[in-house]
Amino acid sequence: MNIPYSTFTLENGLRVIVQTDHRAPVVAVSLWYDVGSGAEPSGRTGFAHFFEHLMFTGSANVPGDVMEQLKNIGAFEINGTTGVDVTNYFETVPTPSLDAALFIESDRMANLTGAMTQAKLDSQRGVVKNEKRQKEDQPFGLVREFMLENLLPEDHPYHHDVIGSMEDLNKASLNDVNEWIEEHYVPNNALLVLSGDVTLDQAKEKVGKWFGDIPRGHSADAPKRDVPSLSERKDLVLADRVAQSRLYRYWAVPGVADPETVSLDVGARILGDMAGSRLYDALVRDEKLADSVNAQVQTNQHLSFFQIRVDVKAGVDPDLVSRRLDEIVSDYIGKGPEQSEIDRIAVDNASYTLGALETVGGRASLLAYSMLASGKPDGYKDEMLAIADASPETVKASLKKWLSRPVLAFTVVPGDRVEAEEAEVTAGVVPGAAEGAPTKSESPPVVAAADTPAASANSRTMPPFSGVTKIDFPVVENATLSNGIKVHFVRRDVLPVVNVSLSFDAGISADSTDRLGVQGLMLAAMKQGTKSMDEGELGIEQERLGARINTRSTMDRTQVDLTALTMTLDPSLDLLADIVMNPSFDEAGVARARDQRLSAIKQEQAQPRSLASRTLAAALFGGQHPYGRPVSGNGTANVIETVTSEDLAAFHQAWIRPDKLEIFIVGNLSLQEMQSKLEARFGAWAPPSLAAGRKNFDVAIPSSNPRIIFIDVPQSTQSVIYGGKVLPVKGSDDLLDLVQANTILGGGYQSRINADLRTAKGWTYGASTNLYRYENQVQYTIVAPVQADHTGDSIVALRDQVTQFLGENGVTQSELDRTVDGSIKEAPGSLLRSTSILTRMRNDALYQRPFDSIVTEQERLKTLTTEELDAAARSVIVKDDFTWVVVGDKEKVLPQLEGLGLPIEVVPSVQ
C-alpha cells in the first residue's frame, strides 16, 4: 500500500509534497497551515476557525467570493477545515486549472489583508455565530465544550472548543486579522500537497511561480501542550434537551505521534468500536442496559482524548449502568485484549486506508496528515505496521498506564439546559479605519524563488482557465442472471476493490400506511443474524475479510451494499448472500434492532431538523400516500413496539426477493468473472410463493394548504424553518432545466436565497432549496436554520425571494452562465469515486435514463436559455403556496409568526 511521492521546499520555507497520478486529468490542491485553535491566546477563542471563513471572502487580486472563483475554474470538493492544531484549504481542479488554483491559494496567503474590510469581518462573524448556534442547539451540542472545560486546566491550549465563545467572537477586530496573518499565514508555516495529473518538474515551476515571492515570516512559538491528569475522579451531570441519558468517560492521552497512541487506539476499538466489542456484548447484547456504545481515541498532534460513550436504555437507571461500565473497563484494563481481536483491527484498518487512496483528494489528505503527524509523508505505513505489530501485552500496558488515572465521568440527562448568554459586538470599527475601508500593510522585501520568474506579491492577474475536461462516463456492461436478475457492471482498476450494490424496489415507501417503520426495522434486523451466523459472528467475519456490508433505504429503494477486497471477494459475497437471503429474524436479534429503532425515533424527536422533516412530509402528501412518511424510515414508536419476527419475515418475503432486485457493480474484475460469482450465489434464488409487495401511488395528494405548523422546543437559540410543496412532476421526468433553475434560486452556495439570508443578512449559517426527486413525485423543500430573533423576518425574505424569482425577477443571463458553467465543470469530478459511479448508475436506472445520460446532459446544458429556466420554474413551482414547518422556542418565535398572514397550527414535538 504505497503512494509514490516527491518533496521539495521553496527558499521561503514552503514545504511541498507532489504525488503524480495521470489516470485522471485532475489535481488535488491541499494547503495546510500549522495553526489551529490551540494557538489562540486568551480572549481570542474561535479565531482560527473565524479566520478560515475570512479566507473565503476574497484577497487583493482575487476579489469577491473565493468559493465562486474556484467553481469558475472548475474546482470541486472545495472546503476548509479548522482543528486544534491545523487549518487546511482544499479543492480538486481540472489539470488546465492548476495554475489558477495555485494563484488563488497564493494570493490569499500573501494578500488577504489588503482586501479585508470591517463589513466582511462583521458578515462572517454573523455566519460563524449562526454556525455555533446551529451546532449547540442540537442534542448533546454542549458536550464538547463541557468536556474540555472539566478535563483540561484553564491555561491549556486545548481548553476551549474550536468554534470559541460568543464573547470572543464579538471582540474580534481587523487588527486581530492582521496579527493572525503575520504570525501564522506565512509560507514557512504551511504545507502544500499536489496529488494527481502533475509531475515534479511541473510542480516546482508552478509552485515557485506563484508562491516563491511570498516572504518568509517569523516562526511563531508553539504554546506548551502537555498531557495533564486530573487530581481525582470527577463525576458530573449535564442537563440537556436529549431523549435519553448518555454516559461519557474521558481521559487525556498522548498525541498522535506518541508510540502508545496506536496501542490506545487499538484498545479503544476492541473495547467499544468493533464487532463483538466488550462494551457491546455486555451492555447491549447480554445485559440489555444500553442501546448503543462506542469507544475511540480522538487524536490530535499533541494531545488526544480517550472517549467512551454509552446510550442508556429507556427505563434503566443511569447510575446502575455507570457502575457496570466502570466494572467492565476495569476488568478489561486488567485482562487486556486477545490477539485475534487485534488481528481483525489490523485488517479492517488496512482496508479503510486502502479506500482513502481511491481519489487524488484522499491521497493528498493522507500524505499531509502523515507529514504533520509524524514528519514523514508515508507515516501512515508506520502506523499500519504498528497496528499489525501490536500485541495483547503492549495494548494492556498502555491501557493500564493511561486509563488507571482519574477519569472525567459525566452523564447527560434530559432536562432544561442553562441559557447561553450572547454578548453584543464590542469591537466595531478599528480606530483610524473607515467603515468598509481596506486595512493597510507594508509588504516586506520580496524573495524570489530560485530559477523561476518573480511575480509581484501585490498586483497579479489570474491566469486563464484553458479548457473544460471532457466527461466520459465509463462503459456500463449488462448481463442477466438465470432467474432474471439484471446486472450492471463498470470495470474500474484504480484499487483492488469491488463494490456491489443490491438494489430492491422497496424503500421507505414500501411501508403500509398503518405500519410505518417496518421496512427500516426489517433491514436492521437482517444484520442481527442469519440462519447460520449470529450478529457477532457476522461482524467478526466482515472484519476478518476486510469487507463492509451496509444497508440503507431511500424513499424508493432498499439497498444492501458490499465493499470487498478483490482477494477476499468470494467469501465476502457468500456473507452478503447469507444476510440477504437467509436472515433469521430471531427474537433476540429483533428485540435489539427494535430497541435501537425506538432509540433513534426518540433522538429524531429531539433533533429540530428531524422534527421539521418528519412533520412536513405527512403535511404535504397526507398520511395515506407512500411518500407521506418520515424520510429517515424509522417510522413511529407505536408501530415499532408491536412488530413481531413474523411480521418482518413476511415483509422480507414480499419485498426482498429476486424479482425486485437489480445489481450494480464497480470493480477491478471482468463482467464475466462477476457474473459467474453472482450466478453461483443468486442465480437459483426463486421468488417465494407470497405475492410481491405493491405500492399504491393512486392515493390522492391533498390540495395545497399554505400554513405554518409550529413545534415548540424551549430554549432554542435558533429556529429551523422548512417550507415545502408537492410539484406536479415525477422524478423520472426530464428535469434538467428545473434543476438548473433551482440551483439559481436556492440549490447552490451562490444561490439567491443563501446569498440573501447568509451573506447579506447574516441570519443563517446556510439556507437552501432542494428537489427531493422520488420516482413518482417530486417534493420541493426550503431549509433555513436561522437565529431565533429573525424567524419571522426570514420567512418573509424567503417568500419574497420565491415570488420575485417566479415573477418579474427571473433568471438573468449571468446566473445562467455561471450555473451552467459550474455544472459542466463539476461533472467530471462527480465520477472519481466508485461509490459515486454506483450512485449515478442506480439513479439512471431509477429514473429510466440511459447510463451515459450525464454525457448528453453536458451537451444539453450548453443550449439552455433563461427563458427555458423561467418557464420550468413558473410552470412547476408556480407560486408561493408553501406549507411551512417551524421548530423553535414558542415564547421567542410565535409572536413573530402571527403577523405573516398565514394560519398557524401548533403541534407537539412527540407525534
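In strand β5, the bridge partner of Val26 is Pro94, and in strand β6 Ser30 has Val193 as its bridge partner. The model is predicted, and local features need pLDDT of at least 70, side-chain atom pairs count only at pLDDT 80 or more, and totals for chains, interfaces and linings use all residues.

Two strands count as paired if DSSP finds at least two bridges between them, and strands themselves are DSSP runs (E, at least two residues), whereas helices are runs of H or I with at least four, numbered from the N terminus.

| Partner of β3 | Bridges | Sense |
|---|---|---|
| β5 (residues 87-94) | 8 bridges | antiparallel |
| β6 (residues 190-196) | 7 bridges | antiparallel |

Strand β3 (residues 26-33) is largely enclosed by the rest of the structure, because 8 of its 8 residues are buried, where buried means under 20% relative accessible area with a 1.4 Å probe and protein chains only. In a regular strand the side chains alternate between the two faces of the sheet. Val26, Ala28, Ser30 and Trp32 are buried on one side of β3, and Val27, Val29, Leu31 and Tyr33 are buried on the other.

Helix α27 (residues 813-826) has 14 residues and reaches 20 Å from its first C-alpha to its last, close to the expected 20 Å, a span defined as 1.5 Å times one less than the number of residues. Among the buried residues of α27 are Glu815, Leu816 and Ile824.

Notes:
Residues numbered from 1 in each chain as written. Heavy atoms only, no water. Buried < 20%, exposed > 50% of the residue type's maximum accessible area, 1.4 Å probe, protein only.
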